[in-house]
Amino acid sequence: MYPEDKLAAIAYGDDVTLTDQDLASILNGYEEMDEALFMASSIVLDRTLGRDTYLHGIVQITNECQRNCYYCGLRRSNDSQPRFSLPFGEVMSSLTRGYNAGVRSFMLQSGELLDERTVGLVEHVLLEVEKRWGDKVGIALSIGEHPLSDLERFKSKGASRYLLRIESSDRELYMKLHPRDSIHRYSSRLDCLVNLQGSGWETGTGVLVGVPWQKDAHLAGDLRFMQRLDVDVCNMNPYVVHDGTPFAKERRLIPPAEERLLKYLRMIGLMRILMPDINIPISARLLSVHHSGPMRALKAGANAYMANLTPAKYRRNYDLYGGKPAETNSIEVVVNDAIRLCENVGRPVKLLDPGVSRHYRKRMEEKE
Ligand code: 5AD
Ligand code: SF4
């Protein structure tokens with residue numbers, strides 16, 4: 001069966017398996033194939049999880065980072081970016097304003113800092129969230145590769161979800177994206193992920209799509225990686241060149257922006273078909289790079305939208321991709337814009353919902 005026919009059969013509800021060869025052909029794509037893919041993936045989403053979109057509110061607690069990833073604007077050697085750390089009170093007021101606007105799923109995000117001050121701040125916030133809102137909210141962390149002892153501390157204070165992107169599941173490509181030193185080891189990142197997944201965390205990972213040297217075979221491998229690891233959440237990003245990073249000089253190695261976006265959308269579509277009940281969130285930040293990006297991603301199978309609730313005066317300095325526009329929107333406006341955008345593509349936001357991945361729920365039920 002041709003991959004296009006398989007996609008049509010999947011849309012119809014047949015149980016069809018996509019081979020590695022199919023994945024490669026679909027990733028390589030062309031217009032009719034893309035139509036068949038996005039038709040199938042959106043139907044699979046409707047059938048499995050329905051039309052609702054979860055809203056996750058992000059609070060970026062610091063833009064400092066000890067790592068030096070070659071592609072990222074927050075890397076420690078980029079000194080063109082002023083660094084900030086949110087005081088406890090500002091983190092809590094952002095969360096509270098989000099809560100009052102109906103958000104019940106939050107993510108604390110930062111570069112990777114393992115010092116006691118950062119760990120203590122996270123714990124303090126978790127304790128306060130637990131005290132104020134208990135089970136009414138879900139709280140995720142995306143703060144880098146922490147040792148087991150830290151993860152235990154976070155879990156005991158009420159965190160239940162963790163996002164740690166593998167960036168590329170291919171060891172060799174991973175090594176090209178990162179310096180070769182002890183804090184950028186592929187094996188320790190993988191160990192951390194496997195550990196999270198096996199120890200009760202709702203586990204998210206993801207990859208960068210469109211980085212230098214990446215082939216469709218790498219991306220197909222990434223999809224298989226997500227399946228093997230049995231992730232609950234897959235959060236990918238299309239790569240965007242940041243001028244203040246070493247990869248700025250590798251610009252000629254990457255496809256044009258529209259192609260990178262398309263590849264990212266195909267990854268979302270395929271991920272939805274391969275793992276129908278996981279959460280696939282997209283970042284509102286995509287809007288400033290590709291105006292139609294978030295809308296197309298929701299149509300391709302994404303089911304969660306990450307809105308940035310960091311106070312406006314800090315937001316600009318959390319600049320992963322470069323050229324971040326100055327935004328002055330208040331948290332309430334950010335939430336309203338997210339609601340409107342999702343509504344416009346027929347995937348309305350489900351407010352007052354902690355947004356737990358269905359896949360995770362099932363995994364935990366099976367464990368009992
Ligand atoms: N383009 C797109 N995404 C990026 N990230 C970092 N740098 C870039 C970039 N230039 C993403 C990575 C990382 C997260 C912090 O941001 O996937 O996990
Ligand atoms: Fe730090 Fe993450 Fe950026 Fe790497 S990708 S430099 S760990 S913020």
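Tutor: Let us begin with Val 240, which has a backbone N or O atom 2.7 Å from a nitrogen atom of ligand 1; a polar contact is a pair of N or O atoms within 3.5 Å, where within protein one must be able to donate a hydrogen and the other to accept it, and residues adjacent in sequence count only if both atoms are side-chain atoms. Taken alone, ligand 1 exposes 400 Å², and the protein buries 90% of that (Shrake-Rupley areas with a 1.4 Å probe; for residues, only the protein chains shown count as cover).

Student: Before we continue, what are the ground rules here?

Tutor: This is a predicted model, in which local features need pLDDT of at least 70, side-chain atom pairs count only at pLDDT 80 or more, and totals for chains, interfaces and linings use all residues. Residues are numbered from 1 along each chain as its sequence is written, chains are lettered from A and ligands numbered from 1 in the order in which they are written, and side-chain values use heavy atoms, with hydrogens and water left out.

Student: Which atom of ligand 1 does Arg 165 approach?

Tutor: A polar side-chain atom of Arg 165 lies 2.9 Å from an oxygen atom of ligand 1. Tyr 71 uses a backbone N or O atom, 2.9 Å from a nitrogen atom of the ligand.

Student: And which residues surround ligand 2?

Tutor: Its shell (residues with a heavy atom within 4 Å) consists of Cys 65, Arg 67, Cys 69, Tyr 71, Cys 72, Leu 74, Arg 75 and Gly 111. Tyr 71 and Cys 72 also belong to the surroundings of ligand 1.

Student: Changing topic: is Ser 94 buried or exposed?

Tutor: Ser 94 is buried, with a relative accessible area of 1% (buried is under 20%, exposed over 50%, partly exposed in between; 1.4 Å probe, protein chains only). Ser 94 is found in helix H4, residues 88-100 (helices are DSSP runs of H or I, at least four residues, numbered from the N terminus). A polar atom of its side chain lies 2.9 Å from the backbone oxygen of Glu 90.

Student: What does Leu 177 touch?

Tutor: Leaving aside neighbours within four places in sequence, Leu 177 is in contact (heavy atoms within 4.5 Å) with Cys 69, Tyr 70, Tyr 71, Ser 168, Val 211 and Phe 247. Leu 177 counts as buried, at 0% relative accessibility.

Conventions: Helices (H or I, at least four residues) and strands (E, at least two) are DSSP runs, numbered from the N terminus.
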